[in-house]
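This briefing is for a reader who is new to the structure. Please look at the sequence and the model first, then read the points by topic.

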Amino acid sequence: MPSIKDKCAIVGVGNTKYVRGSGVSTLSLSIECSKKALADSGLQPKDIDGLLTFNLGESLSMSDLARSLAIPQVNYQFDITGGGNNGSGVVITAAAAIEMGLATNVLCVHAINRFSGVRYGAAGYDNFAAPFGRVAAAQMSAMYAQRHMHDYGTTVEQFGAIATTFRKHAMPNEDALMRTPLTMEEYLKSRMVTTPYRLYDCCLETDGGVAIIVSSAERARSMKKKPVYIMAGAANTQGPGLDLGGDTPELYTTYAAKYVAPRLFATAGLTPKDIDFAQIYDAFVIYVICQLEGYGFCRQGEGGPFVEGGKRITYGGELPLNTSGGHLSEGYVRGFNLIAEAVRQLRGECGVRQLKDVEIGLTTSAPNPGGALILRR
Amino acid sequence: MAEGKAQLRMPMPNLDDKVFWEACKRHELLIQKCKDCGEKRFFPAPTCTKCASGNTEYLKASGKGEIFSFTTSYNTFGPQLVGHVPITIMVVKLAEGPLLRWTNLIDCKPEDVRIGMPVEVVWDDVSPEVTLPKFRPAKKK
């Protein structure tokens, strides 16, 4: 069977600062992070011949981006519809295009003015949502969380362990939006947004952009930075009859991870035990718990105890998670900032938040359909 | 818009769900049943989620069920829910089997809502054009 394993590598990453109120267009944010990724990779605009982005109601013209970066010719370009469940899938799609000879070096970009532009809940239309006041993703996710608490006894303190740990991770990160400490006491006192979610259970409405350049493994070896190889990936996988709204009970507890994980680990020839760290898509806290279960780091229903107290998911722990603060505290760029952090950890570029001796990392996109990448140095 | 209260966007029936919304005006809660494999489903869609058959019939559901999951929103999400919070949004497991998403729980204090609570449909005649199925705690016989 054909396999994507180790065929391609991430050769450049770049990001803007994550802020509230960028004051510039998403095109400008895209240009800024793309230029940084180009500089990081040592490539010139003329070397880029593939462009990918994704959107939910804030589409970015790939032609405008190519023009603004003075890219002379593009051979492969798509603006893919989809939100945070797409990030990993976009990168693996770039790798697939390269492997099939459609493009040489693909620039994947995602930029949003989620704070100053189109905010949560303002996009999309569903006859069974808005009339009942279901206007924001937080409400949908909260219903997953409520069910998980009911079925497995998951607690708000376990949610709080995720929020406070990721905040600790964001504090040394100069690009992060939230850098002040967050205690469990403050977490528990924070205002209720939509039960069982408090303020800090929800990710940050962020303005920012991230660019990721993918190339063939062979070319990557002669580039400026140490290649970060794509060992395996999934581009938006889902199970039978599942939709984001949760028409089947299964969605409330496993998401797409259940379907992604077997293929992902089989392609990489690895098991969850081989993963040194993970950047888990954390638009909301329950996504972390359910994906720890779905990717096999613990058994179904044991995601809450896994994160409790935070020790296993922080620096020096069994499985450090979201080492730059994640979507909960660094900023929300639909999974792309998580991938950038994984690349930097594997290169050893993370300064005070650098993990020791890491070789293999996982990044995920969720909830459903969902994707993931296994990256290695 | 009523003073201080945001207007929720009402359904815009489409070719897949207009039969459902028309029935709501008659206070009938419809689900779909596959005439080939017997699978019952919600929300309205052209084919069966189990066998993909387009051989579909509509069934009048009893309107009884239990809360599968819920959230009570206190945040107004910008202007969108001003005047509506707290509001309980939920998924109901219908007595016939399918999960109905989403709807509201009314006539129940937020602190009393529980997963598994028996509920029954109650009709909100918003206008001559729109009736929404909502639910309240089931009355004990």
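In chain B, Lys64(B) has Glu120(B) of S7(B) as its bridge partner. The strands involved are S4(B) and strand S7 (residues 118–125) of chain B, which pair in the antiparallel sense over three bridges; two strands pair if DSSP finds at least two bridges between them. This is a predicted model, in which local features need pLDDT of at least 70 and side-chain atom pairs count only at pLDDT 80 or more, while totals for chains, interfaces and linings use all residues. Residues are numbered from 1 along each chain as its sequence is written, and chains are lettered from A and ligands numbered from 1 in the order in which they are written. Helices (H or I, at least four residues) and strands (E, at least two) are DSSP runs, numbered from the N terminus.

**Strand S4 of chain B**

- S4(B) also pairs with S5(B), in the antiparallel sense and over eight bridges.
- Within that pairing, Glu66(B) stands opposite Lys93(B) of S5(B).
- S4(B) is largely enclosed by the rest of the structure, because eight of its 10 residues are buried.
- A residue is buried if 20 or more other C-beta atoms lie within 10 Å of its own, exposed if 12 or fewer, and partly exposed in between, with C-beta atoms placed from the backbone.

**Where the chains meet**

- Chain B has 32 residues in contact with 28 residues of chain A; contact requires C-beta atoms, placed from the backbone, within 7 Å.
- On the side of chain B that touches chain A, strand S4 (64–73), strand S5 (87–94) and strand S6 (99–105) of chain B each supply at least two residues.
- By class, that side of chain B has 18 nonpolar, 11 polar and three charged residues.
- Ala, Val, Leu, Ile, Met, Phe, Trp, Tyr, Cys and Pro count as nonpolar, Asp, Glu, Lys and Arg as charged, and the others, Gly among them, as polar.

**The sheet of chain A**

- Nine strands of chain A form an open sheet of mixed pairing, in the order S3-S2-S4-S7-S1-S8-S11-S10-S9.
- Its edge strands, each pairing on one side only, are strand S3 (76–81) and strand S9 (277–279) of chain A.
- Neighbouring strands of this sheet are turned by 25° against each other on average, direction ignored.
- Strand S4 (residues 106–113) and strand S7 (residues 207–216) of chain A pair in the antiparallel sense over eight bridges, and His110(A) has Val210(A) in S7(A) as its bridge partner.

**Helices of chain A**

- Helix H1 (residues 26–41) of chain A lies across strand S1 (8–15), S4 and S7 of chain A, and runs at about 125° to S1(A).
- H8(A) lies across strand S8 (228–237) and strand S11 (370–376) of chain A, at about 150° to S8(A).
- Helix H8 (residues 257–268) and helix H9 (residues 285–294) of chain A pack at an angle of about 45°, with their axes 9 Å apart.
- Axes are lines fitted to C-alpha atoms, for helices over the stretch in contact, and angles run from 0 to 180 degrees between N-to-C directions.
- The contact is made by Ala257(A), Lys258(A) and Ala261(A) of H8(A) and Cys290(A), Gln291(A) and Gly294(A) of H9(A).
- By class, this contact of H8(A) with H9(A) has three nonpolar, two polar and one charged residues.

**Gly303 of chain A**

- Gly303(A) is in helix H10 (residues 303–307) of chain A and is buried, with 25 other C-beta atoms within 10 Å.
- The C-alpha atoms of Gly303(A) and Val288(A) are separated by 7.9 Å, and the two residues are 15 residues apart along the chain.
- Not counting residues up to four places away in sequence, Gly303(A) touches Ile289(A), Cys290(A), Leu292(A), Glu293(A) and Cys298(A).

Terms used. Two residues are in contact if their C-beta atoms, placed from the backbone, lie within 7 Å.
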